[in-house]
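Thanks, everyone, for making the time this morning.

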Amino acid sequence: MDLRALDNLLAERGEPAFRSKQVWEWLARGAASYEEMTNLPAALREALAAELPISTLELEREVVSEDGTRKALFATADGRPLETVLMSYRDGRRSICVSSQSGCPLTCAFCATGRMAFGRNLTASEIVDQALHFRRRGEVNHCVFMGMGEPLMNLDAVIEACERLPDVGIATSHTTVSTVGWVPGIERLATDGPRVRLALSLHSAEPDVRSSLMPVNDRYPLDEVLQACLRWREARGKRVYIEYLMLAGVNDGPDQALVLAEALKPHEAFKVNLIPFNPTPGELTGSSPNQIAAFRSVLQRSGLPTTVRLTRGRDIAAACGQLAAGGPGTAGSASSIGSRPAAASPPLP
Ligand code: SF4
């Protein structure tokens, strides 16, 4: 829902200001049409249905993984693709992974999104509409900004979206914004907007290796990024979650674990989440379970809390790093529901 367009439309019709709030409350509770908004006059409902789409996004396709993970591919009104993922867990968490940009300008080597052409930043309404899509199917209670795009390059819209998510059922303490290390955004997030959680995609503490995986490291070297993270922690009083993709022969050696443990000090400021690599086209391959276990034990012996991420949605290209608005599990999939492909997201740290 384009909430600014809604306000303008209601003002043009001379409607009282509270009508906008009424519409939003219905949407946040999962309403799928204006017809359901029974506390609005019937004539107004008809006018809204004729003039303002209920969502800024058009669902192109939705696919379902063997593990129940759902991936939706949307198009914006100007035809930009984006993907969103819903992961459901036995403990009741229903976590959405949202996109903040269509495509991404940062070209990380391991990421399918980075190989797409960058489209544009998404608006706050386009971000919130991803959540509302899944809210119409049931409760949603966690959100990670780990879909397409670097959220801190689009921080105004991300903050505005985060401010709306609690109405949809997602508490700020259950919202995680993930960055590859966009320092100005980390600095701003320390003081602006809701007190969300922060995750840093780190992937190597060795400068050359990190730059080869993530060109953003040349612009914002890891030392600067970690200093910004520590300032964020000081301001917000929360740990920073470290995302670390396990790539065979690239960043998964025990010596590299020691370099990582040395970089992440004080250890109580961080928690490391090791991520098994989800296949994307290219030469990178994932570390073996034994290699991941060995890496984890070096970190734990160093005193760093470390977990290994459970991979979800790999068969529909909905897992971490696989979102590309058109990968496997899209057109023609036996489990497809809609009419086009969508994006992916990881479980909460
Ligand atoms: S990992 Fe994130 S920042 Fe890097 S290319 Fe992919 S979407 Fe962009």
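This is a predicted model: local features need pLDDT of at least 70, side-chain atom pairs count only at pLDDT 80 or more; totals for chains, interfaces and linings use all residues.

Let me begin with histidine 203, which is buried because 26 other C-beta atoms lie within 10 Å; the rule is that a residue is buried if 20 or more other C-beta atoms lie within 10 Å of its own, exposed if 12 or fewer, and partly exposed in between, with C-beta atoms placed from the backbone. Residues are numbered from 1 along each chain as its sequence is written.

Histidine 203 sits in the loop between S9 and helix H7 (207–213), and its phi is near 70°, a positive value in a residue other than glycine. Helices (H or I, at least four residues) and strands (E, at least two) are DSSP runs, numbered from the N terminus.

Threonine 107 also has a positive phi, of about 50°, although it is not a glycine. This threonine 107 lies in the loop between strand S5 (101–102) and strand S6 (120–121), and it counts as partly exposed because it has 14 C-beta neighbours inside 10 Å. Thr107 is also one of the residues around the ligand, a group including Cys104, Cys108, Cys111 and Glu150, where near means that the C-beta atom, placed from the backbone, lies within 6 Å of the molecule.

One further backbone point is the cis peptide bond that joins lysine 265 and proline 266, with omega about -5°; proline 266 is in the loop between helix H10 (254–263) and strand S11 (270–276).

Turning to the sheet, it is open, with ten strands in the order S1-S2-S3-S4-S7-S8-S9-S10-S11-S12 and mixed pairing, where two strands pair if DSSP finds at least two bridges between them. Its edge strands are S1 (57–64) and S12 (306–308), each of which pairs on one side only. Within the sheet, strand S3 (residues 81–88) and strand S4 (residues 94–97) pair in the antiparallel sense over four bridges.

What, finally, separates glutamate 25 and aspartate 167? Their C-alpha atoms are 7.7 Å apart, although the two residues are 142 residues apart along the chain. Glutamate 25 is found in helix H2 (residues 18–28), and it counts as partly exposed because it has 13 C-beta neighbours inside 10 Å.
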